[in-house]
Amino acid sequence: MTLFKTLIFTILVPGTVTVLIPRWLLSTEHTTPTEAIHYLGLVPILMGAAIYLWCAWDFATFGKGTPAPIDAPKKLVVRGLYRITRNPMYVGIGLILIGEAVLFASFALLAYIIAFALLVQLFVTFYEEPTLRRQFGDAYQNYCAAVPRWILRFNNGSASWRKNRNDKT
């Protein structure tokens, strides 16, 4: 059931952010990929989709919840891509949007990416992180100390975080 709820959320929220809104913005620009270089935008689109789907899978199977704030994971997810950044789903969605901006050579999508990044930063800072601190306490605090919010770090975090966490993977 959790996977089904994750699928519904993915269609409604990331689907709106990465498909409906960009389509609406592109309808005002009348842009289509015309040069071969624009097709390089497919690379970040595919990477972003893979990142989002991997993280949604981890939320549903390990965390026993969905990406939706009203049905969040019951366990703190600190595996997979969550070992190199605390917000890989947002990074994945951002990559999809960057790819779309390149694919369609769209300044409107570029402006949308900036607005998206600002809104996500505010949401993460003022809602998501305080909520996770209350829900998971010291485990989340240790995780925050070891894993960056946005900038990818590939050293698997600090030894103290790995020693104190509940996830053995």
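Which side chains meet in a salt bridge at 2.8 Å, N to O? A few notes on that and its neighbours, bearing in mind that this is a predicted model.

1. The answer to the opening question is Arg86 and Glu129. Arg86 sits in the loop between H2 and H3, while Glu129 belongs to helix H4 (residues 107-146), so this pair links distant parts of the chain, 43 residues apart. Both partners are buried.

2. Glu129 turns up again, this time with Arg149: their side chains meet in a salt bridge at 2.7 Å, N to O. Here, too, distant parts of the chain are linked, with Glu129 in helix H4 and Arg149 in the loop between H4 and helix H5 (159-164), 20 residues apart. On accessibility, Glu129 counts as buried because its relative value is 3%, under the 20% cut-off. Arg149, at 24%, counts as partly exposed.

3. Over at Lys5, there is a salt bridge with Asp71, and the closest N and O atoms are 2.9 Å apart. Lys5 lies in helix H1 (residues 2-27) and Asp71 in the loop between helix H2 (42-61) and helix H3 (88-104), so the pair ties together parts that are 66 residues apart in sequence. Lys5 is partly exposed at 35% relative accessibility, whereas Asp71 is buried at 16%.

4. For the tally, the count comes to four salt bridges. Among them are Arg86 with Glu129, Glu129 with Arg149 and Lys5 with Asp71.

How values were computed:
Residues are numbered from 1 along each chain as its sequence is written. This is a predicted model: local features need pLDDT of at least 70, side-chain atom pairs count only at pLDDT 80 or more; totals for chains, interfaces and linings use all residues. Side-chain values use heavy atoms; hydrogens and water are left out. Helices (H or I, at least four residues) and strands (E, at least two) are DSSP runs, numbered from the N terminus. Buried means under 20% relative accessible area, exposed over 50%, partly exposed in between (1.4 Å probe, protein chains only).
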